[in-house]
Amino acid sequence: MSYSVLVCDDSTVARKQVKRCLQASLDVDIVEAQHGAEALALLQSKQIDLVCLDLTMPVVDGIGVLEGIKEQKIESFVVVISADIQSEMKAKVASLGALDFIEKPVKSDSLLSVLHKFGIR
């Protein structure tokens with residue numbers, strides 16, 4: 001089963017790293033966004049199964065994306081991948097519906113472990 005995945009990060013290097021982790025182990029169709037406004041537009045225009053989301057981005061940040069997903073009742077799993085690892089931020093993204101929080105730089109085993117925990121294989 002192929003999953004549609006949106007990788008949203010303002011860093012090209014970070015997006016490539018997440019894509020490599022996913023493509024190595026899963027059957028995925030990946031689209032990319034450089035900031036939250038682009039991510040929300042993509043989420044409104046097509047069904048995305050999984051969003052890998054950075055928090056610190058220009059235009060609309062990751063919190064804004066999570067709020068938009070919640071407000072618009074968009075059905076998509078979200079995993080936050082960020083260097084902002086403060087416990088308050090982890091609690092905030094969880095309250096906005098993120099499945100989990102992974103610290104940057106992303107490691108393949110960490111990402112896949114989270115996805116498998118939630119039945120994404």
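Visitor: Is K117 buried or exposed?

Guide: Buried means under 20% relative accessible area, exposed over 50%, and partly exposed in between, with a 1.4 Å probe and protein chains only. K117 has a relative accessible area of 56%, so K117 is exposed. This is a predicted model, in which local features need pLDDT of at least 70 and side-chain atom pairs count only at pLDDT 80 or more, while totals for chains, interfaces and linings use all residues. Residues are numbered from 1 along each chain as its sequence is written, and side-chain values use heavy atoms, with hydrogens and water left out.

Visitor: Where is D109, and is D109 buried or exposed?

Guide: Helices (H or I, at least four residues) and strands (E, at least two) are DSSP runs, numbered from the N terminus. D109 lies in helix α5, residues 108–117. Its relative accessible area is 56%, so D109 is exposed.

Visitor: How many salt bridges are there?

Guide: A salt bridge is a side-chain nitrogen of Lys or Arg within 4 Å of a carboxyl oxygen of Asp or Glu. By this rule there are 5. One of them joins K117 to D100, with the closest N and O atoms 3.0 Å apart. That pair links distant parts of the chain, K117 in helix α5 and D100 in strand β5 (residues 100–103), 17 residues apart. Salt bridges that share partners also join D9, D54 and K104 into one network.

Visitor: Which residue forms a salt bridge with R15?

Guide: E32 does, and the closest N and O atoms are 2.6 Å apart. E32 is in strand β2 (residues 28–33) and R15 in helix α1 (residues 12–25). R15 has a relative accessible area of 6%, so R15 is buried, whereas E32, at 32%, counts as partly exposed. E32 also meets K19 in a salt bridge, at 2.7 Å from N to O.

Visitor: Which way do the residues of strand β3 point?

Guide: In a regular strand the side chains alternate between the two faces of the sheet. From β3 (residues 50–53), L50 and C52 point one way and V51 and L53 the other, and all are buried.

Visitor: In what sense do β3 and β4 pair?

Guide: Two strands pair if DSSP finds at least two bridges between them. β3 and β4 (residues 77–82) pair in the parallel sense over 4 bridges. The bridge partner of L50 in β4 is F77. The chain crosses from β3 through helix α3 (residues 62–71) to β4 in a right-handed β-α-β crossover. Right-handed means that, with the strands pointing away from the viewer, the path from the first strand over the helix to the second runs clockwise.
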